[in-house]
Every structure is written in C-alpha cells, then in structure tokens.
Amino acid sequence: MKSLTPAFINECATHELRRSMAGIWAGQIAVTGFVAGHSCLPNIWVHLGWLLIAGLPALALTDWTPHLRRWQTDAGALSVVAFLLWMTLRSCIQVPFMPDRTLDEIMRGIVGVSLLVMFCALVWQQAQSRESLHAVGWVTGMTSALAALISILLSYFVLPHHQAGERLMNLLVHGGLNPVCTGLIFGFAALWLAALMEHEATPLPRRIAWAAIVLLHFAAFLSGSRGAMLALACGHAVLLSARGWRRGRVAVCVFLLTGAVYFTSAPLFAHLAHWRSEPAAVTASAPGITHHFQKAVERGDNSRLDIYRAGWNAMDNLWLGTGQWGVCGIWQCELQAKADISMMSHLHSAFLATFVHGGIVGAALLLLVLSHGIKRARRLAVQGDATWIALLAFGCGGLLFDGESLASLATAPRFEGLLFWLPLTVALARGSVISRSAENRPVSEP
C-alpha cells in the first residue's frame with residue numbers, strides 16, 4: 001500500500017480534480033444538448049436519448065456528496081422531492097382504468113420522472129457557474145433562431161402545400177412541430193437571449209443576438225399561439241419590472257413592435273401568396289391568411305373549457321386526485337360526444353393537470369415548490385440577475401393553458417422541463433447560494 005507522501009496526495013488531488021472537471025463538462029453537454037434540442041432534435045427518442053446518454057456519465061463522474069448535503073437542509077430542494085414523490089406514489093397506487101394501456105403508461109411515467117430527476121440534478125450542478133448558464137442560453141437562442149429561419153423560409157417560400165401566413169411550425173422537429181409548442185419554445189429562447197444581452201459587451205455578438213431575438217419574437221407570433229403571446233407578455237412584464245425602463249426598454253420594445261408587425265401583416269402575406277400561387281388559388285385561400293387578430297378571436301377557447309370540466313368531473317377524491325397513469329379515459333368519456341375534441345390526450349393545462357392527478361395535496365405541494373422558486377428568483381433579481389424570474393414567469397404563463405404534466409419529461413408536448421423546471425431549478429440553486437452568503441455575512445456595528 002502506498003504511503004501518504006505529499007506526491008501521492010497531490011496525485012490523488014489531481015485525479016479528483018480531473019474527474020470533477022470531466023463531470024462538469026459532461027453535465028454541460030447533457031444540459032445544453034437537451035435544452036437546445038427542443039428546437040432541433042427530430043423526435044422524442046433522440047431528444048430524451050441525448051439527456052440519458054450524456055447524463056449518465058455526468059452523474060457517474062460528479063461527486064454528489066456536497067450537493068446531497070445541501071439538499072438535505074434546503075427547503076426548496078426538499079419541496080421538489082416531496083412533490084415528485086407524491087405525484088409518483090399517487091400514480092403507482094392508482095387502480096388502472098384501462099388495463100390494456102396502463103403498463104405502457106406506467107413505464108413511460110417512471111422513465112419520465114427518472115429523467116426529470118436527472119435533469120434537475122444536472123441543472124443544479126450547472127447553476128453553480130454563471131458562465132455555464134450563459135453558454136446554455138446562448139446556444140439555445142442561436143439554435144432556435146436557426147430553426148425559426150429555416151422553418152419560415154421553407155414554409156412560406158419553398159415547400160408546396162404551404163401558404164404564407166399559415167401558423168408556423170418548427171419543421172426540424174417531428175417534420176412539423178405543433179404550432180403551440182413551436183411558439184412557446186421560440187418565445188422562451190427569445191426572452192432568454194434578450195435577458196442575457198444586458199451583460200454582453202462585445203458589439204458583434206450583441207448585433208447577432210438582437211437579430212436572433214427579433215426573428216424569434218416574430219416566429220413566436222407567426223405560430224399563432226395565444227399561449228406563447230401570453231407567456232411573452234408575462235415574461236417581458238416581469239423583466240421590465242425587475243430591471244426598470246432604462247435597462248429593460250429594448251427587450252419590451254422588440255416584443256411590442258414584432259407583435260404590431262404580425263397583427264398588421266395580412267397584406268404582406270396576401271402579396272406573398274399571390275406571388276407563389278395562381279390568382280384563383282389565392283382567392284380561395286385568402287381568408288386563411290388575413291386578419292390574424294380575427295383568426296385568434298374566432299378560435300375561442302379551443303374547447304379547453306370542455307376539457308377542464310371533464311377533468312374536474314373525473315375526480316372522485318379532491319384530496320388525492322386520480323393519479324397520472326391509466327386514467328385518461330376517465331375524463332375522455334365526457335368528450336366522446338364532441339367529435340372534434342374526443343381524441344385529446346391530455347388536459348392542456350399543467351397546473352390543472354397537477355390538481356386533477358394529484359388532488360389538493362399535489363396542488364399544495366406544487367404551490368410550495370413554486371413559492372420557494374419565486375422567492376429565490378426575486379432574490380436573484382434584487383442582486384442584478386432578473387433572467388430567471390422572467391423565464392419562470394414565461395413558463396407559468398405558457399403552462400397555464402398548455403402542458404401535460406409537471407412530474408415527467410416524457411410528455412406529449414415535452415416542453416415542461418424547459419419552461420418550468422429549468423428556471424425553477426436554477427433559481428432554487430443560485431438563490432440558495434445568495435441566501436447562505438447573506439446569512440454568513442458579518443453584521444456591521446451600529
């Protein structure tokens with residue numbers, strides 16, 4: 001056995017340092033690829049597979065002992081554990097409503113919550129470095145901007161069977177990602193990039209970033225998603241409130257101007273359609289490409305009130321909820337008479353879904369998690385970093401009328417981890433550090 005000589009001690013320290021650095025780099029690759037992958041990775045297998053394949057080495061190479069010690073005494077981390085544990089256990093004891101599909105849903109649910117725990121742990125690790133978070137935000141913003149540009153050019157100028165002014169879909173994902181998911185992902189990237197620009201001093205990156213921010217805002221509006229518009233309004237309002245007019249005016253002006261351009265762009269899209277098509281075809285399709293505000297109003301609530309009513313009626317225990325797996329048919333039965341919404345596979349509100357699936361207990365635990373997150377995000381904003389409270393406001397605004405579950409990454413829309421858990425986890429991790437620093441700071445004599 002080697003003696004504890006200084007050389008041997010230094011060798012061990014060097015090995016541990018290399019291992020720690022390798023874990024940090026592996027974690028950054030996993031988090032950056034997964035977060036940016038919302039706008040470019042083609043399907044759920046590649047997207048979640050990236051997190052799993054890159055995340056496992058990061059978990060193995062990282063020394064989690066210091067993090068575990070912090071989590072044991074951190075109220076925010078403990079509230080997250082309690083929420084996810086309750087939602088998972090409640091779902092495991094649920095009597096299956098549809099035995100033929102329940103096993104698949106259970107497996108998907110367990111994998112989804114396991115990946116969510118991995119994602120939150122890796123984000124917590126990366127949150128210790130401001131530079132790491134800046135890199136993730138920059139890559140996410142640029143990747144989303146490129147996806148938006150490609151989708152706009154292909155949809156409105158190149159591909160047949162598409163017309164200028166139709167609701168934009170991200171063509172890099174699923175061969176055409178749902179417009180709601182497209183708008184929320186592009187809008188989130190736009191707000192994140194805009195929040196980062198306050199600390200960017202180099203002129204060329206600033207110009208490139210602001211061009212990407214304008215494009216992403218406009219792409220979010222082109223999706224026609226009212227949820228994305230609401231989320232952008234919430235995020236920019238909070239960002240402006242936290243930073244003040246002098247520091248926050250540029251970002252909010254970009255949001256307002258791109259919105260104004262979108263809602264007055266019907267003549268431009270009609271001209272583009274005329275340029276691409278025969279006049280007769282344009283005449284037939286003109287109503288579909290004009291009056292964006294009117295189209296948004298005419299869509300009404302998209303049957304969401306019927307879906308929410310069905311979810312409420314499906315609950316036979318307000319305290320415990322229905323569980324998450326094998327219960328979709330309970331509330332779908334009420335929608336069978338409505339042919340246009342009978343195939344809805346989720347409740348289209350992450351917060352209502354939490355209440356339906358977890359009952360009052362689940363909703364209370366979620367409010368506890370959210371209260372800790374908002375408190376620490378506000379603390380960060382006071383310290384000069386308003387990014388995370390703005391992104392958390394965006395996520396809550398977007399998930400108010402969309403989303404499937406906050407207790408899994410393997411959901412149908414697959415954006416809950418990006419919109420909710422990313423800003424929440426960063427706020428919990430970084431806000432906790434600031435709180436501990438404040439508590440340890442000596443009090444000056446009066």
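Colleague: By class, how many nonpolar, polar and charged residues does the lining of the second largest pocket have?

Modeller: The lining has nine nonpolar, nine polar and five charged residues. Here Ala, Val, Leu, Ile, Met, Phe, Trp, Tyr, Cys and Pro count as nonpolar, Asp, Glu, Lys and Arg as charged, and the others, Gly among them, as polar. Before going on: this is a predicted model, where local features need pLDDT of at least 70, side-chain atom pairs count only at pLDDT 80 or more, and totals for chains, interfaces and linings use all residues. Residues are numbered from 1 along each chain as its sequence is written, and side-chain values use heavy atoms, with hydrogens and water left out.

Colleague: What is a pocket, and what is a cavity?

Modeller: Rolling a probe the size of a water molecule over the atoms shows where empty space is left. On a 1 Å grid over the protein atoms alone, a cavity is a set of points where a 1.4 Å probe fits but cannot get out; a pocket is an open set with protein on both sides within 12 Å along at least five of seven lines, and lining residues have an atom within 4 Å of a point. Grid points are joined across faces, edges and corners, and a volume is the space filled by probe spheres set on the points. The second largest pocket holds about 480 Å³ of space. It is lined by 23 residues, and the closest to its centre are Glu105, Arg108, Gln324, Ser345 and Glu404.

Colleague: Which element gives the largest share of that lining of the second largest pocket?

Modeller: Helix 5 does, with six residues. Helices (H or I, at least four residues) and strands (E, at least two) are DSSP runs, numbered from the N terminus. The protein has 17 helices and zero strands.

Colleague: What is the volume of the largest pocket?

Modeller: Its volume is about 550 Å³. Among its 26 lining residues, Val180, Arg304, His348, Phe401 and Asp402 are the closest to the centre. Helix 7 (179-196), helix 9 (226-263) and helix 13 (304-313) are the elements that give two or more residues to this lining.

Colleague: At what angle do helix 7 and helix 9 pack?

Modeller: The angle is about 5°, and the axes are 10 Å apart. Axes are lines fitted to C-alpha atoms, for helices over the stretch in contact, and angles run from 0 to 180 degrees between N-to-C directions. Helix 7 and helix 9 are therefore roughly parallel to each other (angles under 35 degrees). Contact means heavy atoms within 4.5 Å. Among the residues that meet are Gly183 and Leu184 in helix 7 and Gly227 and Ala228 in helix 9.

Colleague: Which residues line the second largest cavity?

Modeller: His38, Leu177, Ile185, Pro413 and Arg414 do, and about 40 Å³ of space lies there. The largest cavity has a volume of about 70 Å³. A search of the whole structure finds two cavities of 30 Å³ or more.

Colleague: Is tryptophan 124 buried or exposed?

Modeller: Tryptophan 124 counts as buried, because its relative accessibility is 4%. Buried means under 20% relative accessible area (1.4 Å probe, protein chains only). Tryptophan 124 is found in helix 5. Not counting residues up to four places away in sequence, tryptophan 124 touches residues including His67, Arg70 and Leu428. Tryptophan 124 and leucine 428 are 304 residues apart in sequence, yet 8.2 Å apart in space, C-alpha to C-alpha.

Terms used:
Parallel < 35°, antiparallel > 145°, perpendicular 65-115°, else oblique. Buried < 20%, exposed > 50% of the residue type's maximum accessible area, 1.4 Å probe, protein only.
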